[in-house]
Amino acid sequence: MKLLLVGDCHGKVPDIPGSEFDAVLAVGDVCGGDDEARSAMLESIGADEEWHEMLGEDRSREIVRESLRSGREVLQRLDSTGKPVLVVPGNCNWTGRIYDSWSFLDSNRFQELVDDFGNVTNLNRSRTEIDGTEFVGYGPCSGPEIPQYSDDAGGEDLEQSRSDYRKARDQVLDLFSSEDAVFLSHNVPFDTELDRIRNEESPKHGRHYGSLVVRDVVQQRSLNLNVAGHMHEGEGRTRIGDAACINTGIHTSQVVDTSSLND
């Protein structure tokens, strides 16, 4: 089977290399990012104001709508291939109240986008089959589900984090029903070359920020391929056991033949 792998788009419509593929796999973050919103979100951590209050509701609504508009353009292009399109949401895809209690984000705006396109399926925590190949998905995850570094824990309830991690892991593991499945995730497996911070000027240089759930799934299930993104600087490939693991990077598209992954 030939798969078109689409990396984090962040609102940029991807190039489609020809039509010689059977399905499209998009790793998430299809909607555009906004530096102003991202900075406000970071600033709001531990503050008295939420990010949309810092920027003002009018400006915040404008940012969300523009982000969704660019995401729609991305999905429209993928849908236009006429092939099955499997996508998982990234952490920048407005799937609901992730960052705060703002009522404007009550609904899953990402799912509303997906529902407008006949060829596009949100594979988050679900399973489907295409031409006899099983696909399982796992969506938003910006780092290890349980903080791995003391300065990342902050005020988090670690027991709750552990409980949420186990629940997510078990739910995804239970989705697999066959061998040689393809696992589509937003984040890459934890503790590999695919998730290491490479910026030597970063205070987090050398650390790993992949997903514990993804690592566990790759290790515990018979996979042919794990396709993921999120950690842009870790673009590349590695192997965990029998599974080929690909970090698609950002603004990329490539066709992979699953029959040649072991070559």
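Ring pairs link Trp 51, Trp 94, Trp 102 and Phe 104 into a cluster. Rings of Phe, Tyr and Trp (its six-membered ring) are taken to pair if their centres lie within 6.5 Å, with planes under 30 degrees apart counted as stacked, over 60 as edge-to-face and the rest as tilted. The model is a predicted one, in which local features need pLDDT of at least 70 and side-chain atom pairs count only at pLDDT 80 or more, while totals for chains, interfaces and linings use all residues. Residues are numbered from 1 along each chain as its sequence is written, and side-chain values use heavy atoms, with hydrogens and water left out.

Five aromatic pairs are found in a search of the whole structure. In one of them, the ring centres of Trp 102 and Phe 104 are 5.0 Å apart and the planes meet at 40 degrees, so this pair is tilted. Both Trp 102 and Phe 104 are buried (buried means under 20% relative accessible area, exposed over 50%, and partly exposed in between, with a 1.4 Å probe and protein chains only). Another pair is formed by Phe 176 and Phe 183, whose ring centres are 5.8 Å apart and whose planes stand at 70 degrees, so the pair is edge-to-face. Phe 176 counts as buried because its relative accessibility is 11%. The value for Phe 183 is 0%, so Phe 183 counts as buried.

The strands of two sheets are described next. Helices (H or I, at least four residues) and strands (E, at least two) are DSSP runs, numbered from the N terminus. Two strands pair if DSSP finds at least two bridges between them. Five strands form an open sheet with mixed pairing, in the order S4-S3-S2-S1-S11. Strand S4 (120-122) and S11 are the edge strands, each of which pairs on one side only. On average, neighbouring strands of this sheet are turned by 25 degrees against each other, direction ignored. For such angles, axes are lines fitted to C-alpha atoms, for helices over the stretch in contact, and the angles run from 0 to 180 degrees between N-to-C directions.

Within this sheet, strand S3 (residues 85-87) pairs with S4 in the parallel sense over three bridges, and Val 85 stands opposite Val 120 in S4. Strand S1 (residues 2-6) is mostly covered, with four of its five residues buried. S1 pairs in the parallel sense with strand S2 (residues 23-26) over four bridges, and Val 6 stands opposite Ala 26 in S2. S1 and S11 run antiparallel and are joined by five bridges; the bridge partner of Leu 5 in S11 is Gln 254.

Leu 5 and Gln 254 are also among the residues touched by Thr 248. Thr 248 is found in the loop between strand S10 (243-247) and strand S11 (253-257). Its relative accessibility is 0%, so Thr 248 counts as buried. Not counting residues up to four places away in sequence, its contacts (heavy atoms within 4.5 Å) include Val 6, Gly 7, Asp 8, Val 27 and Glu 235.

A second open sheet has six strands in the order S5-S6-S7-S8-S10-S9, again with mixed pairing. Its edge strands are strand S5 (127-130) and strand S9 (236-240), each pairing on one side only. The twist averages 20 degrees from one strand to the next. Strand S7 (residues 181-187) and strand S8 (residues 223-229) run parallel and are joined by five bridges, with Leu 225 in S8 as the bridge partner of Val 182. Helix H7 (residues 212-220) lies across strand S6 (133-138), S7, S8, S9 and S10, and runs at about 165 degrees to S7.

In helix H1 (residues 35-44), the buried residues are Ala 37, Ala 40, Met 41 and Ser 44. Seen down the axis of H1, these residues fall within an arc of 100 degrees, so they line one face of the helix; the arc is that of the directions from the helix axis to the C-beta atoms. Asp 35, Leu 42 and Glu 43, on the other side of H1, are exposed. The cover over the buried residues of H1 includes helix H2 (51-55) and helix H3 (57-79). Just after H1, Gly 46 takes a positive phi of about 80 degrees.
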